[in-house]
There are 2 protein chains.
Amino acid sequence: MSIRIDNVTVLGTGNLGSQIAYQIAYSGFEVMAYDINDQILKTAKKRFEELGARYEQEVEGASDGRARAALARIRCSSTLADAVRDADLVIESAPEILDVKRELYAKLGPLAPGRTIFATNSSTLLPSDLAEATGRPERFVALHFANDIWIYNIAEIMGHPRTDPAIYDTVVDFARRIGMEPIKIHKEKAGYVQNSLLVPFLEAAQALVVNGIADPETIDKTWRIATGAPKGPLQMLDIIGLTTAYHIAASGDEQARANARYLKEHYIDQGKLGRASGEGFYKYETVPAQSSTKPVTASA
Amino acid sequence: MSIRIDNVTVLGTGNLGSQIAYQIAYSGFEVMAYDINDQILKTAKKRFEELGARYEQEVEGASDGRARAALARIRCSSTLADAVRDADLVIESAPEILDVKRELYAKLGPLAPGRTIFATNSSTLLPSDLAEATGRPERFVALHFANDIWIYNIAEIMGHPRTDPAIYDTVVDFARRIGMEPIKIHKEKAGYVQNSLLVPFLEAAQALVVNGIADPETIDKTWRIATGAPKGPLQMLDIIGLTTAYHIAASGDEQARANARYLKEHYIDQGKLGRASGEGFYKYETVPAQSSTKPVTASA
């Protein structure tokens, strides 16, 4: 039987943290958003407002007052003790730095009620890296979301060897209740499922460009025709952002590091960071009064 | 300016060779299909008939007599000299064995007119491996098709350092005229574009299964949601066929070889060869009176 979750606290109000908090509130839960100071929380409130507007445009049914109602269910706090006092579940979306996260968990452990489940949204760390620091390893899992959570609604759930199966199942159930498709991962694996598939695929596509084998448009077209996918790998990279791609590639094998150097020299150093900057492997024309953009021509 | 192509000869009437010959005839060209004896050509004729029936079902406009008219444009011969006598273009789709192909080109060279362009459909060899054997390296390129050519209509065109650019352009133009999307590859690369992307991606997916990280259905669902693709990697592998996947994996790195062993033990040795055999990563129920199949349940 799964444990009751009513109150959820999200630690960290960055891009994805804000989306997580908003999506949970949108699903009917009371949400507490925590960040380290009131200045950051002011930005977070703006993010929630913007998310409300995007949901109204992009999510069916959201414009019937539901997107606005979600905003009313989010409270903000820069005091950790207040933020977690009533939490049934704490989702941590703090910066991807091991010591920052460990320090946060060390503070969090004594402040949260004993019943509280902790979940990390970390992309790059394993639950094992943090389990001891939580002080409650059996109530700790990874719960990993994708960017643009309302479109790419997967939640990857990964325990560590000491995670209580009932806690794991509770988090799977919770993911479903907030509109996510739960992706159950049986063993710890860097990159979970999604990035374990994406990273080698995107690296292979970059290598084709870097080694002068084919043009970005040709590579993408091949993939779209061969698999029926709506986007090719270089279109995906433009959405992910070339800075993110750079950081992943820079810690890879020899070809990946060559990819990283190429991305830096030919794109990042020239301000071509992907779709968000208006240019990456493709040039984009921002469609006025909408957040979405459409490709116009290849820039390569 | 591109060189005129009217008469095309396809050497080899296996699964893909037959599709190439039929698609070219369907596009209005006179086609000569060559294979080594009349028994094999009898099978080929059956294949062409079956392809005609599939086009009638699956290709718009094909049932207005066009699919049948294509059949009338295909002639067959088991005499190489006759088969290539009038060829403007010879497409070689012989078995993927270097010596078999070299021997074939050595015979072909003196028999074909000097103007004839040679193209290999090899998936695994590079044009450089065969260029000298053709006796006309400057008129030789790779022209690589995908299985189910009428759906996955890409033609990857790859020259070698001595290919005449006018010949390359002629073949690109020809690919377009037979309804293919030409994929221009600037340098020799094993796997062209398509398999350079597919192989690492499919290996990563297999590794997730082999290492017990997640179930096939979960892996496929993640990919479909994260990228909007119609099929996940294990669904793709079932279509490609697990024997083909096995052979590719068996010559790869350590993880790939572990994947190969797993495929053999858990699937191939049990007759689970993918969609065509009714079971692979998924179980399939053959839909009567149609060649297509639909998945019913996961078998893993």
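Trainee: How many residues of chain A are in contact with how many residues of chain B?

Mentor: Contact means heavy atoms within 4.5 Å. Here 42 residues of chain A are in contact with 42 residues of chain B. This is a predicted model, in which local features need pLDDT of at least 70 and side-chain atom pairs count only at pLDDT 80 or more, while totals for chains, interfaces and linings use all residues. Residues are numbered from 1 along each chain as its sequence is written, chains are lettered from A in the order in which they are written, and side-chain values use heavy atoms, with hydrogens and water left out.

Trainee: What is the area buried between chain A and chain B?

Mentor: The size of an interface is often given as the accessible area lost when the parts come together. Buried area is computed with a 1.4 Å probe and summed over both parts. Between chain A and chain B the value is about 3400 Å², with 75% from carbon and sulfur atoms. On the side of chain A, Leu197(A), Ile213(A) and Ile225(A) lose the most area, together 19% of what that side buries.

Trainee: How many salt bridges are there between chain A and chain B?

Mentor: A salt bridge puts a side-chain nitrogen of Lys or Arg within 4 Å of a carboxyl oxygen of Asp or Glu. The count between these chains is 2. One of them joins Glu181(A) and Lys221(B), at 3.0 Å from N to O.

Trainee: Is Met158(A) buried or exposed?

Mentor: Buried means under 20% relative accessible area, exposed over 50%, and partly exposed in between (1.4 Å probe, protein chains only). Met158(A) counts as buried because its relative accessibility is 0%. Its contacts include Leu126(A), Val141(A) and Tyr192(A), leaving out residues up to four places away in sequence.

Terms used: Buried area is the accessible area (1.4 Å probe) that two parts lose on being put together, summed over both.
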